Amino acid sequence: MIAVNQVGYAAESIKHATISGGKKYKLFNSKGERILEGEAKLVPDENSGEKAGLIDFSEVKDPGKYYFVDEKGERSAGFTIGKKVYSSLYKDVLRMFYFQRCGMKLEEKYAGKFAHKACHCMKARVLYSDPARYVKLNGGWHDAGDYGRYVTAGSVALAHLLYAYALKPKAFKASMNIPESGNGIPDILNECAYELDWMLKMQEKDGGVHHKATSMSFVDFIMPEDDKEEPVMTPVSSLATADQAAIMALAARLYEKFDEKRAKAYKKSALAAAKWLVANPGFVFTNPSEVHTGTYEDMCDADERMWAAAELYQLTNDDKWIWSIRQILELRISTVALGWADVGGLASMSVLMAKKGVFPVDICDKLRGNWIDEAERLCKVAAANPYELAFYPYNFCWGSNMQVLCNAMVLCFANKLSGKQEYLDYAAAQLDYILGRNAMDMSYVTGYGEKAFRNPHNRPTVADGIDDPIPGYVSGGPNYRAGDTMANEKILGGRPPMRWYVDDWRSYSTNEITIYWNSPLVYVLAYIM
Ligand code: 9MR
Ligand code: ZN
């Protein structure tokens, strides 16, 4: 088998494929002309459980369509070499957030055949602090294949998108074909405002932010507008409040030039959250046991508080936030993590993207040092295996594709900090993995790649009666601790970690979709393109 990036390779970039089950390969163009042939050196690979080897075909630069054939005559997925190979993919990966919108009709004009009626417009009950009270809560993005709306998950997705925009504004010039397009505001800000405005409604007067709003249990596989269960707001948490402080402070800065009114509202929210954080210095989080939707449970809020401090310092110039960062740094939390639970990496990005002189030099040096160390580590791990994946077998956990993409984000930002080309090359290798250079021989983005996954655990996709999935969705990916019956049934006897995946809508632990699995891909594409 020869696994390739099924979407394609930029003409001038490094081009790698991975071969297994035999070492000889031939490369053909679309006319069937042989362009290249050779033999790879096979080495054992723990992640895929096979002997595999690297094929370097960087010398091939002519734009066009290609495919490989291995020594058994098996043909690889086709792929393109060209200039703008990722443009269409990028647009759909971005438009995923529009499709996740809750509380509004998705019109055919924007959603095509995936149009549907408005959903979840009912008020939410503040069940745990004020059970007689109902709050207007329409808006926001559905978190994932379920219809829950969660503040920590949403904040992290927003952070990936907004830091990408702050870093590479030019990558966000094109229209996303959403209802707000053409209003003079970059569409990425239009889309993010849809979530940010909803988050404002999750906040109490004292600044505390409810952790999530969902029904008591996951509903059946029905269209969102058919879900009539009453949403319930779970208790305020320090995790959600710190995330809110951070993302609202960042948004206040980014929206100022385009939308003063929103920027003001975001600033007010950030300051209120800050006040709550100061008044509540301890860890606060409970998921009432009768609420059976996603918990987004997290044991430690130090990283969330550090991210908040980094953004609040830029909003207020108040030295107490520098103190806070110093104190948290003593705790030796990860300062490179970019997922929903550990956000220390978002704090680092915030600090390291600020203008020189804003943060004390020693803090910058420390965070920068940690970041480069992590990038070096990732390159070493990737260089040691034929898929060039910066992973060990134990990394294939729930949402492993997010970790692959967060690693790519680390490498992209390390390239930004240092200019070192190797970081960018290995970031591209992580992207290759997502787009098909993996032992499943599968692209983990719907609609992109000859062998793209088709059956996400996503309620609208299952319920809409349309054969095709919505394009541009990222799958959670292989999870060798698979927790669902479907995966366990289909993978009886086990498999090597990189293949512990089934393209079945019932497999929620290997094949769901979420906003924060798409958002790191937006970041990586914005940077790499
Ligand atoms: O992405 C989350 C993953 O890291 C956890 O291991 C898993 C189990 O707690 O939960 C995942 O998040 C799910 C959330 O709880 C509810 N919406 C769907 C999310 C993706 O599966
Ligand atoms: Zn909804």
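**Exercise 1. Tyr 448**

Is Tyr 448 buried or exposed, and what is its relative accessible area? Locate the residue and describe its surroundings.

*Solution.* The model under study is a predicted one.

Step 1. The relative accessible area of Tyr 448 is 12%. Buried means under 20%, so Tyr 448 counts as buried.

Step 2. Tyr 448 belongs to the loop between α12 and α13.

Step 3. Leaving aside residues up to four places away in sequence, Tyr 448 touches Val 7, Ser 88, Leu 89, Asp 92, Ser 443, Pro 471 and Gly 472.

Step 4. Tyr 448 and Gly 8 are 440 residues apart in sequence, whereas their C-alpha atoms are 10.0 Å apart in space.

**Exercise 2. The zinc site**

Identify the donors of the zinc ion (ligand 2) and determine the geometry of the site.

*Solution.* 

Step 1. The donor atoms are SG of Cys 102, SG of Cys 119, ND1 of His 120 and NE2 of His 142, at 2.0 to 2.3 Å from the zinc ion (ligand 2).

Step 2. Angles of 102 to 117 degrees are subtended by the four donor atoms. Four donors count as tetrahedral if all angles lie between 85 and 135 degrees, and the arrangement here is therefore tetrahedral. For reference, the ideal angle for four tetrahedral donors is 109.5 degrees.

Step 3. Along the chain, the donor residues follow the spacing C-x16-C-H-x21-H.

Step 4. Cys 102 is placed in the loop between α1 (87-99) and α2 (108-111), and His 142 in the loop between β11 (134-135) and β12 (149-150); the pair therefore ties together parts that are 40 residues apart in sequence. Both Cys 102 and His 142 are buried.

Step 5. With a relative accessible area of 6%, His 120 is buried. Its phi is positive, near 50 degrees, although His 120 is not a glycine.

**Exercise 3. Aromatic pairs**

State how many aromatic pairs the structure holds, and classify the pairs Tyr 313–Phe 359 and Tyr 444–Tyr 501.

*Solution.* 

Step 1. Searching the whole structure gives 27 aromatic pairs.

Step 2. For Tyr 313 and Phe 359, the ring centres are 5.3 Å apart and the planes are at 50 degrees, so the pair is tilted. Tyr 313 lies in helix α7 (residues 302-316), and Phe 359 in the loop between α9 (344-353) and α10 (361-383), so this pair ties together parts that are 46 residues apart in sequence. Tyr 313 is buried at a relative accessible area of 9%, and Phe 359 is buried at 4%.

Step 3. Tyr 444 and Tyr 501 have a centre-to-centre distance of 5.0 Å and 80 degrees between their planes, an edge-to-face pair. Tyr 444 lies in the loop between α12 (421-434) and α13 (459-463), and Tyr 501 in the loop between α14 (485-490) and α15 (508-511), so the pair ties together parts that are 57 residues apart in sequence. Both Tyr 444 and Tyr 501 are buried.

Step 4. Ring pairs also link a cluster made up of Tyr 9, Tyr 25, Phe 57, Tyr 66, Phe 68 and Phe 79.

**Exercise 4. Charges over rings**

Which rings have the charged ends of Lys 168 and Arg 459 over them?

*Solution.* 

Step 1. The charged end of Lys 168 sits over the ring of Tyr 527, 4.9 Å from the ring centre.

Step 2. The charged end of Arg 459 sits over the ring of Phe 221, 4.3 Å from the ring centre.

**Exercise 5. Helix α12**

Check the length of α12 against expectation and describe its packing.

*Solution.* 

Step 1. At 1.5 Å a residue, the 14 residues of α12 should span 20 Å. The end C-alpha atoms are 21 Å apart, which agrees.

Step 2. The buried residues of α12 include Tyr 423, Tyr 426, Leu 431 and Ile 434. The partners against which the buried residues of α12 pack are β2 (8-10), β3 (16-20), α10, α11 (400-418) and α16 (515-528).

Step 3. After α12 comes Gly 436, with a positive phi near 130 degrees.

Technical notes
Residues numbered from 1 in each chain as written. Chains lettered and ligands numbered in written order. Predicted model: local features only at pLDDT ≥ 70, side-chain atom pairs only at ≥ 80, totals over all residues. Heavy atoms only, no water. Donors = N, O, S within 2.8 Å, 3.2 Å for Na, K, Ca; no water. Tetrahedral: all angles 85-135°; square planar, octahedral: opposite > 155°, others 65-115°. Helix = DSSP H or I, 4+ residues; strand = E, 2+ residues; numbered from the N terminus. Buried < 20%, exposed > 50% of the residue type's maximum accessible area, 1.4 Å probe, protein only. Phe/Tyr/Trp six-rings, centres within 6.5 Å; stacked < 30°, edge-to-face > 60°. Lys NZ or Arg CZ within 6 Å of the ring centre and 35° of its normal. Expected span 1.5 Å × (residues − 1). Contact = heavy atoms within 4.5 Å.
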